[in-house]
Each structure stands twice: as structure tokens, then as C-alpha cells.
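Here is a briefing on charged side-chain pairs. Have the sequence and the model open as you read.

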Amino acid sequence: MTTTRPAAEAPDRRPEPVSDPLPGPLVGVDWLAGRLGEPGLVVFDASVGAHRGAARRIPGARPFDLDGALSDHDAPAPHTMPAAAAFEETLRALGVDDTSTVVVYDGAGVYSSARAWWMLRAMGFDRAAVLDGGLPAWTAAGLPVAPGGPAYEGPRGSFTARPRPGLLVDHAAVGAALADPGALVLDARTRGRFTGAAPEPRPGLRGGHMPGAVNLPFGDLQRGDGRMRPAGELGEVFAASTGGRERLYFSCGSGVTACVLALGATLAGYGELAVYDGSWTDWAMRPELPAVTGRRE
């Protein structure tokens with residue numbers, strides 16, 4: 001295990017990386033529990049909605065606030081990615097270095113944590129993973145929790161945003177994908193919302209889906225306990241939906257659970273992936289863009 005910094009060391013030197021690299025984009029609670037507190041490890045709570053600011057957290061967890069500073073509130077759709085400079089500043093204020101190892105969890109299982117992971121990837125940071133099963137899996141394993149504390153007040157980090165074009169895309173890119181026989185748009189919403197049988201949670205937003213999109217509810221990628229299904233099973237799920245296409249675009253309500261599909265596809269071995277930032281909310285707010293209802297176009 002990495003040792004702590006000697007007292008005589010220069011105060012501006014950053015912590016060494018954790019003792020071994022991440023095994024992939026998903027880690028289990030045992031992996032995290034065995035390394036909790038190591039220098040260079042940053043644990044983020046990316047919970048949203050009712051789970052945001054919960055009364056308990058994994059010890060030392062810092063807030064990755066998707067309902068707050070880590071979304072662009074000037075954008076018309078919720079949870080829109082902030083500009084690179086704003087993202088960089090927020091991550092630095094949260095103590096993240098370019099050499100940090102980041103593990104993200106949420107209070108629902110694997111839900112909004114995948115959004116945080118994909119955002120980090122979109123900003124050029126690959127030393128990040130999602131905690132499989134999130135806080136429910138952590139507590140089910142009998143691991144310690146701490147009270148939901150104040151905002152992070154530790155030293156600033158040196159994180160550098162290096163945006164990767166194409167990981168987060170707009171409606172124009174999705175429209176082009178819908179017309180491309182080699183690409184596929186997968187929608188992570190529930191079947192009722194996809195078909196238009198169930199109303200959208202945002203008042204006044206039209207229902208249905210993009211013509212040509214295929215429904216793959218994000219819950220289909222998970223076990224009953226909220227953990228992700230094994231890679232082999234995920235491969236079978238995607239194979240049944242993609243028809244052999246490997247260039248995949250993901251959408252949902254506002255770009256959050258679309259990232260669960262991105263995580264699942266990554267675990268299944270797919271590499272050409274993009275998330276529609278704004279997702280159905282952005283598409284449905286544009287009256288010039290088509291929408292259909294029912295199971296088939």
C-alpha cells in the first residue's frame with residue numbers, strides 16, 4: 001500500500017496513485033473497501049433526486065453534484081454537460097488530480113454514477129470506475145458508512161480537462177445516426193415512456209421516441225440487486241438489440257441512464273459509443289424533430 005507523505009516533503013507535491021490500477025470501468029465493493037483511504041483515491045457520490053445529499057455516505061466520499069455545479073443550468077435540458085473550463089474548475093475544487101483514481105457511486109445502485117463516469121471520460125480522464133451496486137451494495141456488505149457531511153474542503157487538485165469530441169453529442173449527430181444503416185440509437189427509458197403509453201415526468205413534454213430508435217431499458221442490464229449483469233450476459237443483451245451494428249448512440253430522458261447503457265456496452269466490448277447530451281428532453285423540445293408512438297414506427 002502507498003505510504004503517507006513524510007512531514008518534510010514539499011507541501012505542493014501531489015499524492016501518489018493508488019497501489020494498483022483499476023481492473024476496468026466497474027469495481028466491486030470488496031475492491032473499494034480494500035483501498036479506501038489510500039492516497040490518490042477519490043470517491044464520489046453522484047446521487048441525484050431523492051438520493052442527493054442523503055444522510056449517509058461511504059466514508060470520505062465527495063459530492064459529484066449532477067443536480068448542482070456539474071450540470072449546465074443555462075442549458076434548456078437538465079443535466080447538460082458544463083463547458084470544459086467549468087468542469088475543470090469544479091473537479092479541481094473537489095481535489096481531483098490528473099493522477100487520481102476515481103470511483104463513483106450513487107444511492108440507487110448503478111444509475112447516475114454512470115453519468116459521472118461518462119462525463120469524466122468525455123473530458124479525457126480514464127482513471128475512473130463505477131462502484132457496482134452503489135451504496136446499497138456497500139451497506140448490504142456490512143461496510144461502514146459516515147454521516148452525510150459538508151461539502152469537500154480539502155486541498156485543490158490539478159485536474160486538466162481534455163475534451164474528447166464525439167462522446168457526448170447533440171441532436172444533429174443523433175439525427176445523422178438515425179439515418180445511418182451502420183449506426184443504432186438505443187433508448188434507455190422504460191417501455192411505457194418509449195412507446196408514449198406513459199407520460200414523461202417533465203410536464204408538457206411530448207411522449208414517444210425518435211423514428212428508428214430501439215428501446216433497451218437500462219434496468220435490463222442489471223441484476224435484481226442493482227448490480228450490472230456479467231459481461232457475457234451484457235453481450236447477449238446488446239446482440240439481441242443491435243442487429244450486428246457496433247456504432248451505438250444512447251439516449252434516455254436527460255442523458256443520465258443513457259450512460260448506464262454506455263457502461264454496459266463498454267463492459268460488453270463495444271468501442272464506438274456516444275451519449276446524446278440532453279436526450280429525449282432535448283429532442284422533444286424541438287418541434288421540428290419527428291417523434292412516433294407505439295412499439296413500431
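E233 is partly exposed, at 33% relative accessible area. E233 pairs with R229 in a salt bridge, and their closest N and O atoms are 3.1 Å apart. This is a predicted model. It holds 14 salt bridges.

- R229 is partly exposed, with a relative accessible area of 25%.

**A buried pair: D277 and R115**
- D277 and R115 form a salt bridge, with 2.7 Å between the closest N and O atoms.
- D277 has a relative accessible area of 16%, so it counts as buried, the cut-off being under 20%.
- R115 is also buried, at 1% relative accessibility.

- D98 and R162 form a salt bridge, their closest N and O atoms lying 3.8 Å apart.
- This pair links distant parts of the chain, 64 residues apart.
- D98 is in the loop between α2 (84–93) and β5 (101–105).
- R162 is in the loop between β7 (146–147) and β8 (168–169).
- D98 is partly exposed, with a relative accessible area of 26%.
- R162 is partly exposed too, at 45%.

**Background**
- Side chains of opposite charge can pair when their charged atoms come close.

Technical notes:
Residues are numbered from 1 along each chain as its sequence is written. This is a predicted model: local features need pLDDT of at least 70, side-chain atom pairs count only at pLDDT 80 or more; totals for chains, interfaces and linings use all residues. Side-chain values use heavy atoms; hydrogens and water are left out. A salt bridge is a side-chain nitrogen of Lys or Arg within 4 Å of a carboxyl oxygen of Asp or Glu. Helices (H or I, at least four residues) and strands (E, at least two) are DSSP runs, numbered from the N terminus. Buried means under 20% relative accessible area, exposed over 50%, partly exposed in between (1.4 Å probe, protein chains only).
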